[in-house]
Amino acid sequence: MQRTGILGALNQEYRERLMSLAREVSFDVDERIFEEGGEADHFWIIHSGSVALDVRVPGRRPAVVEMLRPGQLLGWSWFVPPHRWHLGAEAGSPVRAWEFDAAVVREMCERDPELRNELCSYVSGVLARRLRAARVRLLDLYAPHGAGEVP
């Protein structure tokens, strides 16, 4: 089992508890995994392959803002109310992943505040990195040349 990303961030007890809920799934290349605005009722840890995160841009094709690789968490919106996807996701190659039922994990967090705190810390870091990546990518695509650097 790969111990990078969220699996590397959790202590052994929490990692084992989380993985006891995992179900292995696969996605074909170009398969939509979720759509921006949809219900965030699952999340995944990528085991193999790549997933493109994208954002809708009015009048244009969705803009890819980040590519996720093995070991990375796919989906953070399941953890933050109102549990709606903030981005879309599409398999960039054949993907194998561990899938988790978000409601079950949130319930487990309610019973164990330490687990909730560890997941909150990890997910908030993911959220911050993805927000920055989306901002940089959208500026790269749509800002006038020389519009400035992202601080």
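The questions and answers below concern a predicted model.

Biologist: Which backbone nitrogen does the side chain of S93 reach?

Modeller: S93 is placed in the loop between β7 (88-91) and β8 (95-101). Leaving aside residues up to four places away in sequence, S93 touches F27, D28, V29, G49 and S50. Among these contacts, the side chain of S93 comes to 3.0 Å from a backbone nitrogen, and that nitrogen belongs to S50.

Biologist: How many nonpolar, polar and charged residues does the contact of α3 with α4 have?

Modeller: On the α3 side, the residues involved are V105, M108, C109, E110 and R111, and they meet P113, L115, R116 and L119 in α4. Sorted by class, the contact of α3 with α4 has 3 charged residues, no polar ones and 6 nonpolar ones.

Biologist: What volume does the largest cavity have?

Modeller: The structure holds 1 cavity of 30 Å³ or more. The lining of the largest cavity is made by F34, L53, G75, W76, S77, W85, H86, L87 and R130, which by class gives 5 nonpolar, 3 polar and 1 charged residues. The volume of this largest cavity is about 70 Å³.

Biologist: Is the peptide bond from P81 to P82 cis or trans?

Modeller: P82 lies in the loop between β6 (73-74) and β7. For the peptide bond from P81 to P82, omega is near 15°, and the bond is cis.

Biologist: What is the phi value of D30?

Modeller: D30 has its place in the loop between β1 (23-27) and β2 (32-34). Phi of D30, a residue other than glycine, is positive, with a value near 70°.

Terms used. Residues numbered from 1 in each chain as written. Predicted model: local features only at pLDDT ≥ 70, side-chain atom pairs only at ≥ 80, totals over all residues. Heavy atoms only, no water. Helix = DSSP H or I, 4+ residues; strand = E, 2+ residues; numbered from the N terminus. Polar contact = N/O pair within 3.5 Å; in protein donor to acceptor, adjacent residues only side chain to side chain. Contact = heavy atoms within 4.5 Å. Nonpolar A, V, L, I, M, F, W, Y, C, P; charged D, E, K, R; others polar. 1 Å grid on protein atoms, 1.4 Å probe; cavity = no way out; pocket = protein on both sides within 12 Å on 5 of 7 lines; lining within 4 Å. Points joined across faces, edges and corners; volume = space filled by probe spheres on them.
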